[in-house]
Amino acid sequence: MTKHIVRLPNPDGSLLLRELNHRIKNELTSAICAVSAKAVRSDSVAVKAALLDVVDLLHDCADVHRALHMPDQGRLTDAARYLQQLCFSITKYRLDRLAIRVLFSADDLRLEGERCWKLGLIVSELLTNVARHAQFDARHPELRVELMLAGNVVKCRVSDNGSAPEPIRRGRAIIGELASSLGGRVHTSCAAEGSSFLVTFPLTEAEQRAAGATHVVKLKRRKMRRPLRLEASRTEDLGAGKHHKPSYRSVTPLDARRLPTCN
């Protein structure tokens, strides 16, 4: 008897990632349902309140996982919107509980889906490390996330006003590998008054075309408004010179309501 062996195709990374995401969602949903059921059946007000706090925590954890989904690889993704939603989810899940304020600013930028996701992983890792290890002493804890476009180079900086133990400063292997996969590198600055991590990487050809189109649209809008803003623009140039000052926004629940829910 001749046996026919059917060779199954090797699953690619995206398939394995979708399966992993599916399993994590199912496990989180099961945990939420199980704890919720315990809370409903409990006769103790204190126990019920404690279990509902756990349910809220699990929901916040699920929101972070949802925000870290990989966007569609077939089209460009609004990186500013993606990172803002991610920062809000992590703030609600981890940083609010530690009274750490998060400020976010971003230039208009569209990245390929997988590259945007990798940048999100880097930002998530940096924010999580600050939540776990940073020491703010008597200072009011503050984190800044900046996404900037300088020519054809993306610059993403995550900085804080805390300090971290020396071994933690050197433990950035994952971040370095992710930055390398984007064709970029990580620049680190650590001092007693705060730490700063700058990730830089070049745009791809498709991303450069999108950035160019966005720049043209901005120029057209600026020309249309120029008669109304000429005097104000001159005042700004005289007062602030030519230095670019990012416009920060505090990451609050209000920001999340302005953004569409990620599917």
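Phe201 sits in strand E7, residues 194–202. Strands (E, at least two residues) and helices (H or I, at least four) are DSSP runs, numbered from the N terminus. With a relative accessible area of 1%, Phe201 is buried. The cut-offs are under 20% relative accessible area for buried, over 50% for exposed, and partly exposed in between, using a 1.4 Å probe and protein chains only. Phe201 and Arg185 are 16 residues apart along the chain, and their C-alpha atoms are separated by 6.7 Å.

A word on what you're looking at. This is a predicted model, where local features need pLDDT of at least 70, side-chain atom pairs count only at pLDDT 80 or more, and totals for chains, interfaces and linings use all residues. Residues are numbered from 1 along each chain as its sequence is written, and side-chain values use heavy atoms, with hydrogens and water left out.

Now the overall picture. The protein has eight helices and eight strands. Of its 263 residues, 36% count as buried. Take the contacts between residues at least 6 apart in sequence, and 73% of them join residues at least 24 apart.

On to the helix pairs. Axes are lines fitted to C-alpha atoms, for helices over the stretch in contact, and the angles run from 0 to 180 degrees between N-to-C directions.

| Helix pair | Axis separation | Crossing angle |
|---|---|---|
| H2 (residues 45–67) and H3 (residues 79–95) | within 9 Å | roughly 160 degrees |
| H3 and H4 | within 10 Å | roughly 25 degrees |
| H4 (residues 113–133) and H6 (residues 173–181) | 9 Å | about 160 degrees |

Start with H2 and H3, which are therefore roughly antiparallel to each other. Angles over 145 degrees count as roughly antiparallel, under 35 as roughly parallel, 65 to 115 as roughly perpendicular, and the rest as oblique. The crossing of H2 and H3 is left-handed, a label used if the near helix is turned anticlockwise from the far one by less than a right angle, with right-handed used if clockwise. On the H2 side, the contact is made by Leu57, Asp60, Cys61, Asp63, Val64 and Ala67, and H3 brings Tyr82, Gln85, Leu86, Ser89, Ile90, Lys92 and Tyr93. By class, that's eight nonpolar, two polar and three charged residues. Here Ala, Val, Leu, Ile, Met, Phe, Trp, Tyr, Cys and Pro count as nonpolar, Asp, Glu, Lys and Arg as charged, and the others, Gly among them, as polar.

H3 also meets H4, and these two are therefore roughly parallel to each other. H3 passes H4 in a right-handed crossing. The residues in contact include Leu83, Leu86, Cys87 and Ile90 from H3, and Trp117, Leu119, Val123 and Leu127 from H4. The contact of H3 with H4 divides into 13 nonpolar, three polar and two charged residues.

H4 packs against H6 as well, and that pair is therefore roughly antiparallel, with a left-handed crossing. H4 supplies Lys118, Leu121, Ile122, Glu125, Leu126 and Asn129, while H6 supplies Ile175, Leu178, Ala179 and Ser181. Those split into six nonpolar, two polar and two charged residues.

Buried or exposed, then, is Asn129? At 10% relative accessibility, Asn129 counts as buried. Leaving out residues up to four places away in sequence, Asn129 touches Ala134, Arg172 and Ile175. Asn129 and Arg172 are 43 residues apart in sequence and 9.8 Å apart in space, C-alpha to C-alpha.

What about the cysteines? The structure holds zero disulfides, a disulfide being a pair of cysteine sulfur atoms within 2.5 Å. For Cys156, the closest cysteine sulfur is in Cys87, and at 8.0 Å that is too far for a bond. Cys156 is buried, with a relative accessible area of 3%, whereas Cys33 counts as partly exposed at 48% relative accessibility.

Most residues other than glycine have a negative phi. Phi of Ala99 is near 60 degrees, a positive value in a residue other than glycine. Ala99 belongs to the loop between H3 and strand E2 (101–106), and Ala99 is exposed, with a relative accessible area of 57%.

Technical notes:
Contact means heavy atoms within 4.5 Å.
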